[in-house]
Amino acid sequence: MWETFRYTGNAARVIFGAGTLSQVSAEIRNLGASRALVLSTPNQRRDAEKLAVQIGELAVGVFSNAAMHTPVDVTMQAIAQFDKVGADCIVAIGGGSTIGLGKAIAYRNNAPQLVVATTYAGSEVTPILGQTENGVKTTVRAPSILPETVIYDPELTYGLPVAMSVTSGLNAIAHAVEGLYAQDRNPVASMMAVEGISALKRALPAVRLKPDDGAARADALYGSWLCGVVLGAVGMALHHKLCHTIGGSFDLPHAETHAILLPHTVAYTEKAVSQLLSPVAAIFNTPTAGKGLHDFAVGLGAPLRLSDYGLTPADLDKAVSLATTNPYWNPRPLETKPLRELLQRAWEGASPE
């Protein structure tokens, strides 16, 4: 029996399937818009320009300077271009950095958003924005942040590099795992979490073996969507606090940071709520969820060491201090010594147990 719970669904229109990129123009009109500013990172500028050509007169410009951790100064540059070209909506094509920029713009001017997701970030279905200013990453939640429409076209992920597919997929799994022990967890979000983790557990090894496996790519995108819904439906805990702290303060790559920390943060929390994480252990057929996630990451060739990204032991001390200042709720309280030990293992690439 479940105790009393609350579930709030985030109403986004989802278009899923191979070839659905062709529906961008119709979906812009469905938003009641006709002047789209297309967003991307510098690396995906060609994709953004190609999409702008595809939608023709509905595109009024391309802004391709989206960056990790959504720097506020970049957001203000994009808003200046949005205003200059007289845009009335946003089309973001890409992963978390581009999606974050679109959300940051909409948070400030309430522009409708259409996202064409090309990674497994999941943030496209959440009303949550993480942004960085003066080296500090903060998180806000508001209805205007949630994109109105998301297009998932698995064909757009065929060329996603395997390494990026792996870290992006592990990032998505992190959303679902934390949803299982969230303070406001509920049976609907938990059901989606287990299904999302299971789909990515099936998909990522297959993608690693054959990057253009259409069925595996669709499964991974499906799983990441469900994990993203969980992220938007319930609160996050220690794992996301540490990732935001380390990523925002030391400019570490977002997905890689999630991939490295996940087994360690789960092992830390699992000591307090092993029963809530038993579905994860079962998915990976291991005694504990922390071990299952670690073994899965090793098998995928995922990054394992924070030290590979330039962090020093002194940085770990600073990260603990930042994480324990205004900490997120967590089933196991945040304690300085165990947290420092957690980060040391992640820094070395050791097993979480």
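At what angle do the axes of helix α5 and helix α11 cross, and within what distance do they come? Keep that question in mind as we walk through this structure, which is a predicted model.

Two packed helices are described by the angle between their axes and the distance between the axes. For helix α5 (residues 162–180) and helix α11 (residues 289–300), the axes cross at roughly 165 degrees and come within 11 Å. Angles over 145 degrees count as roughly antiparallel, and α5 and α11 are therefore roughly antiparallel to each other. Their crossing is right-handed. Have a look at the side chains where the two helices meet: α5 contributes Val166, Leu170, Ile173 and Val177, while α11 contributes Leu293, Phe296, Ala297 and Leu300. Sorted by class, this contact of α5 with α11 has eight nonpolar residues, no polar ones and no charged ones.

Helix α5 has another partner to visit. With helix α6 (residues 187–209), α5 packs at an angle of about 160 degrees, and the two axes are 9 Å apart. That angle makes α5 roughly antiparallel to α6. The crossing of α5 and α6 is left-handed. On the α5 side, the residues in contact include Val162, Ser165, Gly169, Leu170 and Val177, and on the α6 side they include Ser190, Ile197, Leu204 and Arg208. The contact of α5 with α6 has 14 nonpolar, three polar and one charged residues by class.

Which residues of the largest nonpolar core touch the most other members? Among its 67 residues, they are Leu170, Ile173, Val177, Ile197 and Val280. Take Leu170 as an example: leaving out residues up to four places away in sequence, Leu170 touches Leu204, Ala259, Leu262, Phe296, Ala297, Leu300 and Ala302. There is also a second, separate core of 20 residues, and Val38, Ile55, Cys89 and Ile93 are included in it.

Val177 deserves a stop of its own. This residue is found in helix α5. Is Val177 buried or exposed? Its relative accessibility is 0%, so Val177 counts as buried, the cut-off for buried being under 20%. Apart from its neighbours within four places in sequence, Val177 is in contact with Ile197, Val266, Leu277, Val280 and Leu293. For a sense of scale, find Gln23, which is 154 residues from Val177 along the chain: the C-alpha atoms of the two residues are separated by 33 Å.

Our next pair of helices has another arrangement. Helix α8 (residues 238–250) and helix α13 (residues 336–348) pack at an angle of about 65 degrees, with 13 Å between their axes. That makes α8 roughly perpendicular to α13. The crossing of α8 and α13 is right-handed. Here Leu238, Leu242 and Ile246 of α8 meet Leu339, Leu342 and Leu343 of α13. The residues of this contact divide into six nonpolar, no polar and no charged.

Finally, visit two loops. Asp251 is found in the loop between α8 and α9 (254–270), and although Asp251 is not a glycine, it has a positive phi of about 55 degrees. With a relative accessible area of 53%, Asp251 is exposed. Asn326 lies in the loop between α12 (313–323) and α13. Asn326 is not a glycine either, yet its phi is positive, at about 50 degrees. At 64% relative accessibility, Asn326 counts as exposed.

Key. Residues numbered from 1 in each chain as written. Predicted model: local features only at pLDDT ≥ 70, side-chain atom pairs only at ≥ 80, totals over all residues. Heavy atoms only, no water. Axes fitted to C-alpha atoms, helices over the stretch in contact; angles between N-to-C directions. Helix = DSSP H or I, 4+ residues; strand = E, 2+ residues; numbered from the N terminus. Parallel < 35°, antiparallel > 145°, perpendicular 65-115°, else oblique. Left-handed = near helix turned anticlockwise from the far one by under 90°. Contact = heavy atoms within 4.5 Å. Nonpolar A, V, L, I, M, F, W, Y, C, P; charged D, E, K, R; others polar. Core = buried A, V, L, I, M, F, W, Y, C linked by side-chain atoms within 4.5 Å. Buried < 20%, exposed > 50% of the residue type's maximum accessible area, 1.4 Å probe, protein only.
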